[in-house]
Amino acid sequence: MPYSRPTLTELKADVSSDIASSVKGVDPLLRFSNLQITGMVQAQLTNLQYGFIDYVAKNAVPFTSEGEYLVGWAGLKNVRQKAAVPFVGTVSFPSSATDAKIDASTGLTRGDGTTYTTNADASVGTDGNIVVSFTATDAGADGTCAVGTILTLETSVTGVQSDGTVTAVTTPGTDIETKDDFRSRMLKVYRQPPQGGSKSDYETWALSVTGCTRAWAVVNGWGIGTVVVYVMFDIVEAAFGGIPQGANGVAAKEPRGAAATGDQLTVANYIYTVQPITPLVYVLAPQANTVNFTIRGLASASATIKSAVAAAISTVFADQEDLASTVYIADLETAIASAAGTEAFGITLPAADITSGATAVPVLGTITWI
């Protein structure tokens, strides 16, 4: 059974008892007596020693380690924490001058004070707009801009309107990998050591790519000698139900198939650098099994509560570890009930547990509130 660490109160009581039993004929524990004070100090020091031993024991094994010890244990298995990625997009500024230009490294600011920098020089196009690529100053999800967001030039440019509109998202911003996700990936490698190209190896390699949250490998999925890897980007591509955005295919340097694009290409290119040379690896987006909901009892609920319900459903979907897995209505009800303000509700649609095709994942569609 686990060792029961004594509390500070228990340590003080033990020390006081030892002192009282060792000094006969007098009361050594008077309020300001030297022995009383010395005993309390001894109890405090012992409590600190117990705390240090707890700290050492916690970091002596991979599954409870923290901080630099967690990084060290993961490094022994060549697992690295995924770094934060800055947002990259394009913004369009109307121009009244045909020779106007926005230089590279020009500062841009969002309404909340978030700053960005242009990536290259850009001139006026045939439509009278200057379209320029830009990158967030700081990496992370906070820098992500939706299409239509207004950005302002930090310094005026002659002939160019100061306010521009984001027209496209090139790379969504992502935060540094959470400690729990990092530990989960590390422990998976400890449980399933690399085996030179096993099914689990391909899944581990895919999950090493920033933004990739789930992966499934299918051996001989597109014929003998092929490996098909289905991937999900639940956080980065949350607007699309976690479905990666791009075209399915192989790595850019793989001559035996059509190259993927977008998220799929990012994963394929990484796997190409670590896989055995023989297999032909395709990276695919799973098919989206769009599930619409009808929920009764929350029609008059606030937008915050409705958003929490939608987030709870999406979380249950993202927790599915296998393709074609069944999502149980009971799990959805439990998740929704955990959100504040959902004391009385019922799921009318879907009427039964949710099943998806062999290469599909459930994705939240529309919610009808009645």
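## Second largest pocket

The lining of the second largest pocket consists of 13 nonpolar, ten polar and two charged residues (Ala, Val, Leu, Ile, Met, Phe, Trp, Tyr, Cys and Pro count as nonpolar, Asp, Glu, Lys and Arg as charged, and the others, Gly among them, as polar). β8 (163-171) and α6 (262-274) are the elements that give two or more residues to this lining, and β8 has the largest share, three residues. Nearest the centre lie T171, P172, V236, E237 and D263, out of 25 lining residues.

## Basis of the model

This is a predicted model, in which local features need pLDDT of at least 70 and side-chain atom pairs pLDDT 80 or more, while totals for chains, interfaces and linings use all residues. Residues are numbered from 1 along each chain as its sequence is written, and side-chain values use heavy atoms, without hydrogens and water.

## Largest pocket

The largest pocket has a volume of about 1,200 Å³. Of its 44 lining residues, D181, T213, R214, D234 and A318 are the closest to its centre. The lining divides into 18 nonpolar, twelve polar and 14 charged residues.

A pocket here is an open set of points on a 1 Å grid over the protein atoms alone, where a 1.4 Å probe fits, with protein on both sides within 12 Å along at least five of seven lines; lining residues have an atom within 4 Å of a point. Grid points are joined across faces, edges and corners, and a volume is the space filled by probe spheres set on the points.

Note on methods
Helices (H or I, at least four residues) and strands (E, at least two) are DSSP runs, numbered from the N terminus.
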